[in-house]
Amino acid sequence: MKRFGVSAFDSNLYESQTLQRQTKEYDDQLKLFQEKLIQFAIEHNEELKQNIEFKSKFLKMCDTIGIDPLALFDKDRHLFNVNDYYYEICVKLIQICRDIKDLNGGIVSLEELQKIYFRDANVTQADIEKAVEMLSSLDGGFEIFQIRDHLKFLRSVPNELTSDQTKVLEVCSVMGYASINLLHINLNWERVRCKTTLNEMITNGLLWMDNQCGGREILYWDPSWITKCVDSTTT
Amino acid sequence: MSLPAIYSFPPLYTRQPNAIIRNKQIDSWINILLQYSKIEKIWELDSNGIFLPNEINLFENNTINRSVNNTFIKEILDRMKSDHQIIYNNNNETNTFFILWKNLDSWASLILEWFETTNKLNQVVTFYEISSGDESINWEFHSMPSYLISKILQILVKRGRATILKDEYNKDIAIKVV
């Protein structure tokens with residue numbers, strides 16, 4: 001919109017700066033308060049551990065003010081109870097897997113979990129593995145499997161992957177996608193075997209189809225590509 | 001503005017055969033459209049999903065050489081229609097939609113808040129002042145087309161908070177909020 005006279009000068013510049021400054025001040029204050037709370041939790045660890053009511057009220061307060069429970073636990077110093085830390089990871093894992101199941105068919109790499117979904121928490125891949133182990137007693141179908149000898153994946157849906165499907169995921173972890181030709185050439189599979197496996201994975205929601213690759217064959221993409229892309233732009 | 005990472009994911013532009021995934025895919029598209037229109041303050045799109053008036057077409061991504069075909073765009077827009085995220089602009093002959101990154105009720109409440117904070121209760125205020133006046137510059141509804149404003153203000157009329165005034169051509173032009 002064109003403005004005339006005095007209003008042609010950016011009159012709200014000053015206002016918006018003030019607003020920004022205030023917001024920043026609030027943010028800083030909140031952060032400081034959060035830090036103090038965490039400090040408090042570390043100092044009064046013993047009391048918190050022993051007095052259950054105190055502990056639950058304290059945790060509730062932290063939750064209200066926006067502190068991730070994971071930030072309160074220090075696994076090396078046995079803050080609260082060391083298992084509490086892993087229970088929190090378990091809860092988070094279930095939440096995350098439920099949220100992203102429709103996007104990736106329930107298969108997610110530990111690396112992606114740690115780097116993207118546990119980004120702000122100080123959690124290692126080993127911690128995640130331990131939490132998954134604890135979850136196994138619930139019989140919820142959480143399982144870790146490995147491809148290319150070093151990439152670990154978490155499966156949160158009950159259908160087991162066939163070895164062919166695992167091989168396709170291996171190819172995807174290198175290229176971002178797979179295709180009938182790609183599998184045929186690299187794995188020496190018959191075309192019909194490539195096709196069946198890829199179609200199964202589409203049905204299970206593990207791969208996304210792309211038929212616009214310059215008129216060549218259909219590409220089958222691994223949705224973890226999306227977060228990998230986030231990762232490479234932010235780091 | 002930067003679009004979410006999934007916008008560069010090539011299969012996003014092909015209609016997915018798996019219904020659950022497709023649902024998620026349509027969600028992602030709606031999310032992209034709403035986010036973009038909110039940040040760029042775009043109010044209208046045509047029946048092919050092209051943003052007006054600058055004809056920005058998010059469904060075509062030249063960077064990765066992918067585009068969504070018209071049938072699938074229709075499917076996405078149909079979902080938005082049934083979820084009231086777009087509504088017909090029945091003000092003109094052409095087949096266009098208003099895009100609502102907030103629903104009509106929230107817009108109505110926001111405009112009501114503006115009336116209250118700028119002390120405009122009990123006076124006649126034109127639609128032009130609401131959408132283009134200096135006093136609404138920092139408000140999200142600034143630059144909203146006046147026909148959409150009049151649609152939203154009908155809600156305040158229904159809530160019994162306002163009366164609409166018409167000009168000599170029987171067109172809504174101003175409102176008084178009590």
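Select B:K41 to begin: this residue is partly exposed, with a relative accessible area of 29% (buried means under 20%, exposed over 50%, partly exposed in between, with a 1.4 Å probe and protein chains only). B:K41 has a positive phi of about 55 degrees although it is not a glycine, and it is found in the loop between α1 and β1 (44–46) of chain B. Helices (H or I, at least four residues) and strands (E, at least two) are DSSP runs, numbered from the N terminus.

The model is predicted: local features need pLDDT of at least 70, side-chain atom pairs count only at pLDDT 80 or more, and totals for chains, interfaces and linings use all residues. Residues are numbered from 1 along each chain as its sequence is written, chains are lettered from A and ligands numbered from 1 in the order in which they are written, and side-chain values use heavy atoms, with hydrogens and water left out.

Next, go to the loop between β2 (51–52) and β3 (60–61) of chain B, where B:P53 sits. The peptide bond from B:L52 to B:P53 is cis, with omega near 0 degrees. B:E55 lies in the loop between β2 and β3 of chain B; this residue, not a glycine, has a positive phi of about 55 degrees and counts as exposed at 60% relative accessibility.

Now select B:W29, B:W107, B:I130 and B:F141, the residues with the most contacts inside the largest nonpolar core, which has 61 residues. Such a core is a set of buried Ala, Val, Leu, Ile, Met, Phe, Trp, Tyr and Cys residues joined through side-chain atoms within 4.5 Å. Helix α1 (residues 19–40) of chain B gives the most to this core, with 8 residues. Around B:I130, leaving aside neighbours within four places in sequence, the residues in contact include B:W114, B:F115, B:F141 and B:I175 (contact means heavy atoms within 4.5 Å).

Move on to the interface. Here 24 residues of chain B are in contact with 25 residues of chain A. About 2100 Å² is buried between the two chains, and carbon and sulfur atoms give 64% of that area; buried area is the accessible area (1.4 Å probe) that two parts lose on being put together, summed over both. On the chain B side, select B:F9, B:I21 and B:K24, which lose the most area to chain A, together 26% of what that side buries.

Finish at A:D210 and B:R66, which form a salt bridge with the closest N and O atoms 2.8 Å apart (a side-chain nitrogen of Lys or Arg within 4 Å of a carboxyl oxygen of Asp or Glu).
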